[in-house]
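User: I have a model open and would like to go through it with you. Can we start with the overall layout?

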Amino acid sequence: MYLIVGGAGYLGTNLIEAVLEKTDEAVCATARNIPPFPPTSRICWEACDIEDRDSVDRLADKLAGESLKVVVCAAFHHPDAVQQQPRKAWNVNVTSLSYLLNRLENVKRLFYPSTDSVYGESEGGHHFQEGDKTTPVNIYGRQKTVAEQLVNGYGYNVARFPFLIGPSLVPGKPHFYDRIAETILRGEPMEMFQDSYRSTLSFASAARFVVDLIEMVAPVPQIINICGDDDLSKYDVGLMIARKLNVPKDLIVPISISGKQGIFETARAQSTLMDNSLLKSVLGLKRIELEL
Ligand SMILES: NC(=O)c1ccc[n+]([C@@H]2O[C@H](COP(=O)([O-])OP(=O)(O)OC[C@H]3O[C@@H](n4cnc5c(N)ncnc54)[C@H](OP(=O)(O)O)[C@@H]3O)[C@@H](O)[C@H]2O)c1
């Protein structure tokens, strides 16, 4: 059985779809407030707030005896929010994660979604490999680095993701993708940074790769970058969305991030690029594109 902790988020819902598509397994998904998804025979929802130990205990007791393939999506992860509430974020991202890891039994494989934010700035267009030194530039990146160590310390796996994008599958919780699409479909311009790059991937592809890795019989690297081949700015992504929706591409307006770092409360790397050759060799892939 798959357990998706934090299953009602952007990545969590895509993971549920990927498990249903790629395996015959049932899914136990958790959320603090279970969204009104229609019931299905393969998905059950459990309420779980990982900050509440009683609720983690109830979940662990309920699943005792099941052989589990787990993805822990639950996190306090917006960099500005983490900077505003670092103790609350630490409690979710580190303390509660640690308790959860120690309570779950019969875990066949567990993946933890981490982030390119652990790497920091790509100097001179460097594409970070898994073994590179981590130099996060903000508290979010530092907390994720600690979380990775807990996960690896328990013998479980870490996936480092880039900026992820795609249509939200969560009712009432639109993603940035949806805001871009709605804006340009109304015929209004959307300003997007043209000089800040990430190895961007879709939520759907990210979720499918995680399930492929969990289903592998062979050992899986402790840390693996899951990202696309291309260095993409948000402007590049905006153009791809305009093309997909068949709206004029000049509605996507390029702007420069230089001098605009102040619109974010916390420091961010201007560009963070990742190398995906390990993922490609493990899964036998040739090219990984952003598919929207
Ligand atoms: N999106 C990206 O570009 C990106 C990039 C790199 C890494 N990641 C990582 O991917 C993971 C999933 O992110 P996402 O993009 O899917 O964001 P998301 O939609 O906000 O998902 C995060 C989930 O965490 C849950 N959560 C927060 N606090 C919790 C708590 N105390 N107990 C239980 N659940 C809690 C939320 O659950 P509720 O539904 O109960 O509110 C939410 O569904 C995060 O670890 C994030 O750091 C995301």
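Analyst: The C-alpha centres of domain 1 and domain 2 lie 26 Å apart. The protein chain is divided into domain 1 (2–165 + 201–225) and domain 2 (176–198 + 230–273), with bounds taken from an automatic or database domain assignment. This is a predicted model, in which local features need pLDDT of at least 70 and side-chain atom pairs count only at pLDDT 80 or more, while totals for chains, interfaces and linings use all residues. Residues are numbered from 1 along each chain as its sequence is written.

User: How many residues does each domain put into the contact?

Analyst: Domain 1 gives 17 residues and domain 2 gives 14 residues. Two residues are in contact if their C-beta atoms, placed from the backbone, lie within 7 Å.

User: Which element gives the most on the domain 1 side?

Analyst: That is α3, with 3 residues. α3 (79–84) and β6 (127–128) each supply at least two residues there. Helices (H or I, at least four residues) and strands (E, at least two) are DSSP runs, numbered from the N terminus.

User: And that side by class?

Analyst: The side of domain 1 that touches domain 2 has 7 nonpolar, 7 polar and 3 charged residues. Ala, Val, Leu, Ile, Met, Phe, Trp, Tyr, Cys and Pro count as nonpolar, Asp, Glu, Lys and Arg as charged, and the others, Gly among them, as polar.

User: Moving on. How many residues are in the largest nonpolar core?

Analyst: It has 81 residues, and those with the most contacts inside it are I4, V5, V72, A206, V210 and I226. Helix α7 (residues 203–215) provides the largest share, 8 residues. At least three residues come from each of domain 1 and domain 2. Such a core is a set of buried Ala, Val, Leu, Ile, Met, Phe, Trp, Tyr and Cys residues joined through C-beta atoms within 7 Å. Buried means 20 or more other C-beta atoms within 10 Å of the residue's own, exposed means 12 or fewer, and partly exposed is in between, with C-beta atoms placed from the backbone.

User: What does V210 touch?

Analyst: Leaving out residues up to four places away in sequence, V210 touches L15, V71, F111, A159 and I226.

User: Now α2. Which of its residues are buried?

Analyst: In helix α2 (residues 53–63) they are V56, L59 and L63. Seen down the axis, they fall within an arc of 60°, so they line one face of the helix. The arc is that of the directions from the helix axis to the C-beta atoms.

User: What covers them, and what is on the other face?

Analyst: The cover includes β1 (2–5), β2 (27–31), β3 (43–47), β4 (68–72) and α4 (86–103). The face turned away carries the exposed residues D54, D57 and D61. After α2 comes G65, with a positive phi near 100°.

User: Is F163 buried or exposed?

Analyst: F163 counts as buried because it has 21 C-beta neighbours inside 10 Å. F163 is in the loop between β7 (157–161) and β8 (164–165).

User: Last one, the ligand. How many residues surround it?

Analyst: There are 24, the closest being G9, L11, R32, A74 and A75. A residue counts as near if its C-beta atom, placed from the backbone, lies within 6 Å. The shell has 15 nonpolar, 6 polar and 3 charged residues.
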